[in-house]
Structure formats: structure tokens, C-alpha cells
Amino acid sequence: MAIAEHMEEAEEYSSPLSLPDEAYEVYRHLYGKLQLHPGSRAVVGITSAIRGEGRTTVALGLAATIAQDSAEPVLVVEADIENPQLHELLGGPRRGLVDAVTDGEPLAGVMTPITPNLLVVPAGSHPENVGAFFYRLATSRLPQGDGWWPAVVIVDLPPIMNYGYGPMIAGIADVLLMVTRANVTPTTLVREAVARLEGNRPRGLVLNDHRTYLPSWISRAG
Ligand SMILES: Nc1ncnc2c1ncn2[C@@H]1O[C@H](COP(=O)(O)OP(=O)(O)OP(=O)(O)O)[C@@H](O)[C@H]1O
Ligand SMILES: [Mg+2]
């Protein structure tokens, strides 16, 4: 399926992701750290030790930045099926990763464009058996099919420590980026998560700082 067809299917680009100028620079730096060969079509996985570390924020920010700068089709896949967030961005439930994997269909059939060259695959339906779904995903990888495939694919992975299959699922990515909440997540947990990944070591670590740098009187005024 060609990107042009996706664009025709889109009702509207109601939720373009715009970031503060300084955030684009952070994501550009991060992308450079991944050292991807141009045209490699490597799948980038965003992982973390536990929940709430900023995986979805980083996945979307990185995707929005690369989509803007490269003008190439960029896809975000939501593999964190137990805490789906993308359906909110899309304004309602849609078929997604779970549906494509369960029905044995290529992922192209469940991609939704949110800007002309930024597409997302939401988690989709909740599977009857999460363990069975993760096993299938980890062992079959992302269903690319024979047709069109985006230049850059970024996967919002489930957290490593929360799932027995966490490290196996991380294996669907060619390159891993680990996000951790700076000064919050215990280092031992991050170390344990990296150890569980064994040979599949993350190529980068994002020290995500949830602190706001706004003066407190401005925050209170809101
Ligand atoms: N650098 C940051 N500064 C301020 N807030 C942040 C930052 N990064 C993430 N957040 C906020 O922290 C919360 C958790 O972030 P996010 O949803 O990206 O994490 P997650 O790892 O995907 O979480 P989950 O495991 O629940 O899916 C969100 O409300 C997000 O807006
Ligand atoms: Mg998330």
C-alpha cells in the first residue's frame, strides 16, 4: 500500500504533533546516537525498565522530529497493548497491532496517518490472552507483508520488567533506546532490565527528567 493511499484515507490531520523548538534538537541528537545507516529501514524500539518512564513521549517526539526533518514516511507502532494511549490521539478506538497480528494481516492495513508523513498503528483490540499475543508478536515480528513499508519505524514497547516476554518482545526491534526517569527509577532496576535483554543491549539511554523548569509561580497561575 502506497503512502499516497493512506493520505487519501485520512479524514483530516486533526492531531499534528508539534513540539517546542528545543525538543526537536533533543530528538535530533538522540536519533544521531542511534547511528542508523541511511536507507537501512531499521526498526527502532523504545523501551524502559518499568512503567511511566516516558516511552510514549519519546516514541512520538522522535517520530515527529524525523517525519518533519526527513519528509520520509515515519511510523509509530504501539506494542504496549495493556496501556494503549494512541487511540486518544486518534480520537477513538481503531483496529491496530493486535488485530493485524491476530488476523495474520500486514501492518499497512491498520496504519493511520496523523500528518502527511507520520503514521501510527495503535494497539487496537485487547487480546483475549495477552501472553499468547506477546508470544506470537515476539516470534513472528512485525507483519510487514510484501507491500509498502515506511522508511522509519519506531515501536513503543512494553516495559521490560513488567512482562516475562518483555525482552523477547524487544527483539522485534533492530535497535533499542532505553528511557529512564532520571533520579526516580532505581539504577538497580535499569541494570536488571538491561541484563534481561542480554545480548540485545540498548544503543542509547534517555535520562528523562519529568521536572518542569517553569518558575513555580507560573505553574501555580495555571
Ligand atoms: N520530560 C518530561 N517532562 C515532563 N513530563 C513528562 C516528560 N516525559 C514524560 N512526561 C509525562 O509523564 C507521563 C508518563 O510519560 P509517558 O506516557 O510518555 O510514559 P510511558 O513510559 O509511556 O508510560 P506508560 O508505561 O504508562 O505507558 C506523561 O504524563 C507524560 O506527559
Ligand atoms: Mg506509554
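## Terms and model

Two residues are taken to be in contact if their C-beta atoms, placed from the backbone, lie within 7 Å. Helices (H or I, at least four residues) and strands (E, at least two) are DSSP runs, numbered from the N terminus.

This is a predicted model, in which local features need pLDDT of at least 70 and side-chain atom pairs count only at pLDDT 80 or more, while totals for chains, interfaces and linings use all residues. Residues are numbered from 1 along each chain as its sequence is written, and chains are lettered from A and ligands numbered from 1 in the order in which they are written.

## Helix H6 and its cover

Let's start with helix H6, residues 130–140, whose buried residues are Phe133, Phe134 and Leu137 (buried means 20 or more other C-beta atoms within 10 Å of a residue's own, exposed 12 or fewer, and partly exposed in between, with C-beta atoms placed from the backbone). They span an arc of only 95° around the axis, which puts them on the same side of H6; the arc is that of the directions from the helix axis to the C-beta atoms.

Helix H5 (97–103) and helix H7 (166–170) are included in what covers these buried residues. Gly131, Ala132, Thr139 and Ser140 are exposed on the other side of H6. Just after H6, arginine 141 has a positive phi of about 60°.

## The sheet

Seven strands make up an open sheet with mixed pairing, in the order S3-S4-S2-S5-S1-S6-S7 (two strands pair if DSSP finds at least two bridges between them). Strand S3 (112–115) and strand S7 (204–208) are at the edges with a single partner strand each, so one side of each has no neighbour in the sheet. From one strand to the next, the twist averages 25°.

S3 pairs with strand S4 (residues 118–121) in the antiparallel sense over three bridges, and threonine 112 stands opposite valine 120 in S4. Helix H3 (residues 55–70) packs on the sheet, and its direction makes about 170° with that of S5 (axes are lines fitted to C-alpha atoms, for helices over the stretch in contact, and angles run from 0 to 180 degrees between N-to-C directions).

## Around ligand 1

H3 also supplies three residues, the largest share of the shell around ligand 1. Of the 14 residues there, Arg51, Gly54, Arg55, Thr56 and Thr57 come nearest (near means a C-beta atom, placed from the backbone, within 6 Å).

## Two loop residues

Glutamine 35, in the loop between helix H2 (21–33) and S1, has a positive phi of about 50° although it is not a glycine. Glutamine 35 is exposed, with 11 other C-beta atoms within 10 Å.
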